[in-house]
Amino acid sequence: MGSVPAPTAEARIASLAQEIDAIYKEVANDERSRKELFNVIQGAMGKVETPMDTIWRMIIGVLTDLVAAGKAKTAKQLAESTGASETLIVRMMRPLTALGIFREVGVSTYESAPISQLLTAPPLIGGYQFMFDLATRSLANMPRFLEKTGFQHVDGPPGPFQDSNATDDLMFPYLMKHPAMMTNFNAFMAGSLETREDWFRKFDAQSIVLDGARADDPDAVLLIDIAGGEGHDVQAFGRAFPDAPGKLVLQDLPPVIANIKQLDAKVVRQPHDMFDEQPFKGARAYYMRNIFHDWPNDRCVDIMKRIAAAMAPGYSKLLIFEWVLVPRDVPLYPALLDVNMMALLNGRERTEDEWRALLAAAGLKAIKFHTHGPAEEGLIEAELA
């Protein structure tokens with residue numbers, strides 16, 4: 001008889017989840033045992049969470065002075081260097097040391113830990129300042145806003161963001177009027193992209209884009225990254241496929257393009273508003289990452305129609321790298337991201353059926369939904385209907 005194959009990691013994780021659920025049912029009414037179970041789970045989280053996971057889970061302040069010192073400092077010293085109350089520092093540091101953000105090496109004496117050192121990186125400082133300045137305010141205000149509307153669905157402005165900030169502006173125009181906030185947001189987004197896997201490493205770019213691309217026309221455009229920020233994705237694609245035929249183009253609003261500090265010379269920079277006519281006709285691929293979730297349905301259709309008008313039948317493709325929500329049991333991260341999009345941008349994450357409806361309204365159709373499961377972003381491959 002052959003040996004029984006060892007269960008896969010996925011099977012063991014599923015079994016562990018069932019076991020935790022069963023144990024919880026046994027200890028739910030026994031507070032001491034419940035706390036023991038909680039402590040075990042919390043300890044396990046500390047082992048499997050990456051620093052970025054921890055940061056997303058917790059919204060906390062960062063004491064950059066302590067990290068910059070590179071040595072232990074007392075609460076009194078921190079109060080002198082920051083101007084904050086010594087008593088306040090002691091009280092705020094209690095949960096931060098309990099969570100492992102800082103280490104308490106003596107009574108009211110602290111030093112930095114790996115997570116606190118990571119928190120001082122520009123993308124994370126920018127992220128937290130953005131979250132506290134705008135995102136948290138909109139999220140905290142959302143119940144009151146929804147109460148005003150009789151708890152109607154948010155399909156467009158004015159939404160929680162406009163209500164909490166007393167403005168008629170959408171978030172991006174608002175950020176453009178507040179350069180410091182825009183800088184924080186851009187640093188945050190640039191840092192988050194660096195930790196996420198590129199679409200062409202997750203999915204088969206050869207069959208999706210490269211096969212069938214025109215190689216006999218020096219002016220042919222292979223891929224346009226629309227609203228691509230500072231060009232992280234298109235630059236990474238170009239480096240991964242240095243011999244691919246055709247031009248690579250980055251498009252975004254003029255202030256974004258003007259702010260780019262570093263971008264490979266082979267990438268063409270073009271100031272462009274995605275709501276305007278697409279200037280490049282007949283490109284092989286029009287690519288957009290995490291753009292449509294920023295907008296309500298009608299505005300998404302407007303963007304798609306502009307792209308569809310530039311596409312070549314039977315050749316051009318629209319590639320959308322975003323979440324494709326499953327119909328049920330949506331994982332926590334994309335579920336919370338969906339609510340965040342509603343609070344900040346009057347936008348949303350979408351299911352496969354919702355994506356198909358948007359594409360159809362713009363004269364497009366999905367060729368394939370490329371996914372690796374509900375806990376990861378997917379790639380939607382579309383063409384003219």
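**Overall fold and helix packing**

In the chain, 64% of the contacts with a separation of 6 or more are accounted for by residues 24 or more positions apart. The structure is a predicted model. The chain holds 18 helices and 12 strands, and its C-alpha trace spans about 70 × 70 × 50 Å along the principal axes. Of its 385 residues, 43% count as buried.

Helix 5 covers residues 75-82, and its buried residues are A75, L78 and A79. Viewed down the axis of helix 5, these buried residues fall within an arc of 100°, so they line one face of the helix. An α-helix has 3.6 residues a turn, so residues three or four places apart point the same way. Just after helix 5, a positive phi of about 85° is found at G83.

The packing of helix 16 with helix 18 was also examined. The crossing of helix 16 past helix 18 is right-handed. On the side of helix 16, the contact involves N297, C300, V301, M304 and K305, which meet W355, L358, L359 and A361 of helix 18. By class, the residues of this contact between helix 16 and helix 18 comprise seven nonpolar, one polar and one charged.

Methods
Residues numbered from 1 in each chain as written. Predicted model: local features only at pLDDT ≥ 70, side-chain atom pairs only at ≥ 80, totals over all residues. Heavy atoms only, no water. Buried < 20%, exposed > 50% of the residue type's maximum accessible area, 1.4 Å probe, protein only. Helix = DSSP H or I, 4+ residues; strand = E, 2+ residues; numbered from the N terminus. Arc of directions from axis to C-beta. Left-handed = near helix turned anticlockwise from the far one by under 90°. Contact = heavy atoms within 4.5 Å. Nonpolar A, V, L, I, M, F, W, Y, C, P; charged D, E, K, R; others polar.
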